[in-house]
Structures are given as structure tokens and as C-alpha cells.
Amino acid sequence: MSSDILVIGGGAAGMMAALFAARGGAKVTLLEKNEKLGKKVYITGKGRCNVTNACEDVDEFLREVPRNPRFLYSALRHFGPFDMLSLLSDLGCETKIERGRRAFPVSDHASDVTKALEKGLRHAGVEIRFHSEVKRILTEESRVTGVLLTDGRVLPAAAVIVCAGGLSYPSTGSTGDGLKWAKELGLNVSPTLPSLVGLRTKEAWPAELQGLTLKNICLTGYSYDKMTKKAQLSVSAGPEWEHAERHGMILYSELGELLFTHFGVSGPLALTLSSHLPEDGRCEATLNLKPGLTPEQLDQRLTRELSAAGKKQLSTVMQTLLPQRFAALFPALCGLDGKTPCSQVSAKMRKAIADHLQSLPLTIIGTRPIDEAVVTRGGVDVKGVSPNTLESKAVKGLYFAGEVLDVDAHTGGYNLQIAWSTGALAGKSAAAAQKEGNA
């Protein structure tokens with residue numbers, strides 16, 4: 001027996017699409033090629049599932065979406081963060097709000113989120129088919145007719161909602177199938193790149209600090225200057241900074257946490273910068289290790305520390321400003337000898353230290369591979385999808401939701417909420433279209 005609507009993919013967007021389509025009165029079958037639902041949901045938030053971000057309004061949410069944010073306006077208005085929290089509560093999964101408005105299940109178990117949604121799906125009458133892999137979406141005269149499975153079976157349907165994910169975490173089943181089907185149907189697909197992923201650096205010194213996390217620092221990334229090939233600017237207040245802001249040369253600048261790794265840098269700041277990089281993944285960056293001090297205040301503190309240190313080595317006194325491992329390495333980054341007695345540090349040397357503390361250069365030469373990324377950047381071109389229904393403008397009855405779309409956001413629960421919101425809108429829209437067609 002055929003279904004009104006087939007939903008491809010049992011991740012965050014797919015579960016929501018199936019739930020809302022069924023609640024809209026449609027007969028729905030959810031096709032999942034894995035042995036269970038929500039495999040990627042299980043690993044979000046380090047296994048705790050950062051369900052959403054409890055933004056107060058849509059505009060606040062959209063400020064965290066670097067690409068095509070306005071496309072999401074209708075989806076978020078229809079089903080926002082607090083709607084998601086309410087839905088989970090109704091399904092027996094209570095949530096809590098933590099630092100940065102991040103929402104998690106009270107149990108701290110991502111599995112509870114998926115169990116609650118699966119319970120909702122079954123209660124709504126959704127047929128869930130595991131180990132069901134789609135090979136191709138079938139159409140006639142630019143209208144969906146069903147899908148062809150890899151085992152050769154044809155499943156007819158009046159509508160298909162593609163929630164097959166992107167290319168990140170392929171072990172969860174996100175292997176780019178939805179992008180392939182879109183291309184086969186003649187739809188535009190933006191180039192796919194890793195987003196929310198670690199950054200590789202030209203400099204080798206970050207590897208020497210592998211495992212070290214710095215908090216309350218500022219990372220700034222600059223776009224390349226067409227005239228000078230790269231922007232060489234100070235992050236401290238002044239004409240250069242104002243010039244950078246005025247001419248749009250700053251890709252991203254924020255306070256937060258950074259982790260040094262064997263390949264370069266990771267942690268929240270690096271991951272967020274990755275979503276703002278040009279397609280080649282390269283940019284110039286600077287670290288302000290003392291963003292809470294003005295240049296004058298920093299100079300006064302350095303003068304005080306150096307004067308009190310006397311014959312102590314420079315690398316030793318740097319421990320009053322930096323973690324021990326970083327302090328030992330830092331003088332060399334300033335072009336200085338760490339064994340220099342503090343009493344012999346000149347004003348010129350002190351300035352070099354201050355400049356590097358507030359504007360330490362870092363050259364980003366690329367990202368880690370897409371299979372290590374939290375989300376995929378790029379995907380089905382949103383210009384070819386109606387933002388009010390998430391139906392393809394070219395193929396009747398074909399809908400897209402979740403990571404398969406060319407929309408991605410910063411860390412903090414935003415990407416999962418995009419999946420919930422777009423899935424809900426696609427499901428509701430597909431069901432409404434079927435009801436109207438059968439009227």
C-alpha cells in the first residue's frame with residue numbers, strides 16, 4: 001500500500017518532518033537506511049544532545065546563521081526553540097537551559113531525545129522502515145511519483161521529503177545522497193565544504209601546545225586584501241582596526257575558548273571561524289591573549305612584572321601572564337630569547353611582548369576534512385526552494401529539510417534547531433498539500 005508522503009532519513013529533520021506530516025493527517029512512511037533513528041543526534045553535544053538554543057526571538061537566532069539566514073525566517077516562526085522544548089516535554093523528555101542558552105535533556109542523555117521523538121512518531125501512526133536505502137527519487141513531468149530503493153523495490157508516493165543530511169559524520173549515514181538526488185533532478189547544489197571544524201595552521205608552534213585550552217581570549221580572522229594580498233592588521237583599537245571594520249576585512253572576531261592541537265587550533269572559537277572562511281579555507285588571524293586590558297594597561301603591567309622579576313629569566317616571568325607551557329614558548333614567538341634576564345628587557349623588547357600578547361599572528365591554511373566537521377556548509381541551493389513551504393520550485397511534491405539545504409549556523413544548538421524547524425515546516429506543508437489535493 002502506498003503512502004501519501006515518504007520521508008527519507010531518520011535524523012533530526014526527518015523525524016520532525018514525519019511527525020508533523022502525520023499530525024497533519026497524511027499517511028507517512030519514514031525510510032532510514034540505518035538500524036535505528038537519530039544516529040547523529042546521539043553524538044551531538046558530546047552525547048548529551050544540545051537540543052536547541054533558547055533565543056528569545058527569530059532575529060536573535062538568525063544572527064548566528066552566517067549563510068542564507070532570511071530563508072529560515074518562516075520555518076523558525078512556525079516552529080522555534082521554545083516550541084521544540086515544549087514538544088519534548090509533551091513527549092516525556094524534560095530539558096534544562098545552561099550557559100549560552102544551550103538546552104539539553106535533564107538526563108544528559110541524547111538517547112532520551114530520540115526515544116521521545118520515536119514514541120511521538122509511532123503514536124502519530126508513522127510507519128518506520130529501517131535498513132531502507134533510497135537509490136533514486138522518481139518523477140514524471142516534474143512531479144514526484146515515489147522512490148526506488150537499492151533493493152529494487154519502488155515505493156510510490158505523492159510527496160517526498162528529503163532529510164538525508166550532508167557530508168559530515170558519514171558513519172551516521174550522512175554520505176551526500178540527498179545532494180546527489182538533487183543534482184540528478186537538475187537542481188542547483190552549492191559547493192560543499194566543512195563547517196564547525198578544526199583549523200590547520202602554517203605555524204608549527206600550536207602543535208607544541210597540543211591539549212592546552214585558553215579561555216577568555218579573542219580570535220580574529222581577516223579576509224585577504226585584494227591590493228596587498230593579505231590584511232596585516234592589529235586587533236588593538238586604532239586606525240587599522242577601524243579601517244578593517246569599515247572595509248569588511250574582518251571575517252569573524254569573538255571572545256571565547258581556543259584549543260591547541262597537533263594540526264593547529266580547535267575549540268569553539270576556531271570552529272566558529274571555520275564557518276566564515278572563504279572557500280579555500282585560508283585566512284590571516286590574530287590572537288588577543290589579553291583582551292581585557294588596554295594597550296596602556298598591559299604595558300603598565302609588563303613594566304611592573306619585569307621590574308619586580310630582576311634577574312629572573314623572561315620565560316619565567318611570562319608565567320604571570322600565560323600558562324607555563326605557553327610562557328616557555330612565547331618569547332621566541334616575539335623574536336626574543338626566553339633566557340634573557342628581566343632586568344635586561346628593553347622598552348623595545350617590552351613593546352614586542354605587548355604587541356604579540358594582543359596581536360599574535362596565526363596563518364590559517366585550511367580546515368580539517370569534512371568527515372570531521374560538525375555540519376556541512378553548502379547543499380541544495382535555497383533559491384530553488386520555497387522558504388514558506390520548503391517545496392522545490394522545480395519539482396512538485398519534492399521537499400527538503402535539514403543539513404541537505406545550504407544553511408548552517410554557529411555552535412550552540414542552532415544547527416539542530418534548523419533541522420527541527422525545517423523538518424516541521426516541510427512535514428506540515430507536504431501534508432497540507434496532500435489534503436488540498438484530495439479535497
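This is a predicted model: local features need pLDDT of at least 70, side-chain atom pairs count only at pLDDT 80 or more; totals for chains, interfaces and linings use all residues.
Colleague: At about what angle does helix α10 run to β13?

Modeller: Helix α10 covers residues 267-274, and the strands that it lies across are β11 (199-201), β12, β13, β14 (264-266) and β15 (283-288). Taking β13 as the reference strand, the angle of α10 to it is about 145°.

Colleague: In what order do the strands of the closed barrel run?

Modeller: The barrel is closed and has six strands, with antiparallel pairing. If direction is ignored, neighbouring strands of this sheet are turned by 45° against each other on average. Going around the barrel, the order of the strands is β11-β14-β13-β12-β15-β16.

Colleague: How many bridges join strand β12 to strand β13?

Modeller: Strand β12 spans residues 213-222 and strand β13 spans residues 250-260, and the two run antiparallel. The number of bridges that join β12 to β13 is eight.

Colleague: Which residue in β14 stands opposite F260?

Modeller: β13 and β14 form a hairpin, and three residues lie between them. The two strands run antiparallel and are joined by two bridges. In this pairing, the residue of β14 that stands opposite F260 is V265.

Colleague: Turning to the open sheet, which are its edge strands?

Modeller: This open sheet has three strands with antiparallel pairing, in the order β3-β5-β4. An edge strand here pairs on one side only, and that holds for β3 (52-53) and β4 (95-97).

Colleague: Which residue in β5 stands opposite T52?

Modeller: Strand β5 covers residues 102-105, and two bridges join it to β3 in an antiparallel run. Within that pairing, the residue of β5 that stands opposite T52 is A103.

Colleague: Are α1 and α15 roughly parallel or roughly antiparallel to each other?

Modeller: The axes of α1 and helix α15 (residues 414-438) come within 7 Å and cross at roughly 30°. Angles under 35 degrees count as roughly parallel, so the relation of α1 to α15 is roughly parallel.

Colleague: How many nonpolar residues does the contact of α1 with α15 have?

Modeller: The crossing of α1 and α15 is right-handed. On the side of α1 the contact is made by A12, A13, M16, A17, F20 and A21, and on the side of α15 by L416, A419, W420, G423, A424, G427, K428 and A431. By class, two of these residues are polar and one is charged, and the number of nonpolar residues is 11.

Colleague: Is the crossing of α1 and α6 left-handed or right-handed?

Modeller: Helix α6 (residues 110-123) packs against α1 with the axes 9 Å apart and at an angle of about 30°, so that α1 is roughly parallel to α6. M15, M16, A18 and L19 in α1 meet T114, L117, G120 and L121 in α6, and this contact has six nonpolar, two polar and no charged residues. As for its hand, the crossing of α1 and α6 is left-handed.

Colleague: Why is the pair of F20 and F79 described as it is, and what is its class?

Modeller: The structure holds six aromatic pairs. In the pair of F20 and F79 the ring centres are 5.2 Å apart and the planes stand at 80°. The pair links distant parts of the chain, with F20 in helix α1 (residues 12-23) and F79 in the loop between α4 (73-78) and α5 (81-90), 59 residues apart. Planes over 60 degrees apart fall in one class, and therefore this pair is edge-to-face.

Colleague: How many residues of the contact of α11 with α14 are charged?

Modeller: The axes of helix α11 (residues 295-309) and helix α14 (residues 347-358) come within 10 Å and cross at roughly 130°, and the two helices are therefore oblique to each other, in a right-handed crossing. P295, L298, D299, L302, T303 and L306 in α11 meet R350, I353, A354, L357 and Q358 in α14. Divided by class, the contact has seven nonpolar and two polar residues, and its charged residues number two.

How values were computed
Residues are numbered from 1 along each chain as its sequence is written. Side-chain values use heavy atoms; hydrogens and water are left out. Two strands pair if DSSP finds at least two bridges between them. Helices (H or I, at least four residues) and strands (E, at least two) are DSSP runs, numbered from the N terminus. Axes are lines fitted to C-alpha atoms, for helices over the stretch in contact, and angles run from 0 to 180 degrees between N-to-C directions. Angles under 35 degrees count as roughly parallel, over 145 as roughly antiparallel, 65 to 115 as roughly perpendicular and the rest as oblique. A crossing is left-handed if the near helix is turned anticlockwise from the far one by less than a right angle, and right-handed if clockwise. Contact means heavy atoms within 4.5 Å. Ala, Val, Leu, Ile, Met, Phe, Trp, Tyr, Cys and Pro count as nonpolar, Asp, Glu, Lys and Arg as charged, and the others, Gly among them, as polar. Rings of Phe, Tyr and Trp (its six-membered ring) pair if their centres lie within 6.5 Å; planes under 30 degrees apart count as stacked, over 60 as edge-to-face and the rest as tilted.
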